[in-house]
Amino acid sequence: MKLYDIDAEIEALSEKINQYAEEHEGEIPENLDAELEAMKISREEKIGNIARLVKNCDSYAESITDEIVKLKVKLQSAEKKAESARNFLAFAVGEGNKFKDAVTSIYWSKHESIVCERPESLPEQYREIKYAADKKALKEALKSGIVIDGVSIVTNNSLVVR
């Protein structure tokens, strides 16, 4: 039975008990009271099971995150190893020379790139401006009483399962 079904049944049974109690001068039959208690226990078990599911999913996500960190370290190591081998290969072949065998082909290609040592001194038509909100500064400003149009602090609640 789903949790919301249990809640609906508890509510319906509570109304039934209240109605019976009104009709019978406050008496509540034991079977209805026992049924209500059983539903409450069932509800608590269901909530407990859902909480355990949350903890299991959190633990699984954490293990995935740990594995991602390990894989990133392995990726960086492999990239450094490839770069080192590429540099050695460049030295061994020599700039401007070619090498070819049945599996590989090595040659040099020319390409152009731009080096800009002081981008802030460029004319505006050659600059790219990127805007990003400084959220820390905005929060401090709002908390100090400064009103900024279109900016507000939102408080969110989150469920903690330990």
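These legends describe close-up views of a predicted model.

**View 1. Helices H1 and H2 pack against each other.** Helix H1 covers residues 3-23. Helix H2 covers residues 30-93. The two pack at an angle of about 160°. Their axes are 10 Å apart. Angles over 145 degrees count as roughly antiparallel, and H1 and H2 are therefore roughly antiparallel to each other. The crossing of H1 past H2 is left-handed.

**View 2. A salt bridge joins Asp-7 to Arg-43.** Side chains of opposite charge can pair when their charged atoms come close. Here the closest N and O atoms of Asp-7 and Arg-43 are 2.4 Å apart. The pair links distant parts of the chain. Asp-7 sits in helix H1, and Arg-43 sits in helix H2.

View 3. Glu-83 is partly exposed, at 38% relative accessible area.

**View 4. Tyr-60, Ile-64 and Ile-68 make a nonpolar surface patch.** The patch has an area of about 300 Å². Which helix holds Ile-68? Ile-68 belongs to helix H2. Its relative accessible area is 40%, so Ile-68 is partly exposed. A patch residue needs over 30% relative accessible area, and Ile-68 has 40%.

**View 5. Leu-71 of helix H2 is shown with Ile-148.** Leu-71 lies in helix H2. Is Leu-71 buried, partly exposed or exposed? Its relative accessibility is 48%. Exposed means over 50%, so Leu-71 counts as partly exposed. How far apart are Leu-71 and Ile-148? In sequence, 77 residues separate them. In space, Leu-71 and Ile-148 are 43 Å apart, C-alpha to C-alpha.

Technical notes
Residues are numbered from 1 along each chain as its sequence is written. This is a predicted model: local features need pLDDT of at least 70, side-chain atom pairs count only at pLDDT 80 or more; totals for chains, interfaces and linings use all residues. Side-chain values use heavy atoms; hydrogens and water are left out. Patches are made of residues with over 30% relative accessible area and no salt bridge: like charges are joined within 9 Å, nonpolar side chains (Val, Leu, Ile, Met, Phe, Trp, Tyr) within 5 Å. Accessible areas come from the Shrake-Rupley method with a 1.4 Å probe; for residues, only the protein chains shown count as cover. A salt bridge is a side-chain nitrogen of Lys or Arg within 4 Å of a carboxyl oxygen of Asp or Glu. Helices (H or I, at least four residues) and strands (E, at least two) are DSSP runs, numbered from the N terminus. Buried means under 20% relative accessible area, exposed over 50%, partly exposed in between (1.4 Å probe, protein chains only). Axes are lines fitted to C-alpha atoms, for helices over the stretch in contact, and angles run from 0 to 180 degrees between N-to-C directions. Angles under 35 degrees count as roughly parallel, over 145 as roughly antiparallel, 65 to 115 as roughly perpendicular and the rest as oblique. A crossing is left-handed if the near helix is turned anticlockwise from the far one by less than a right angle, and right-handed if clockwise.
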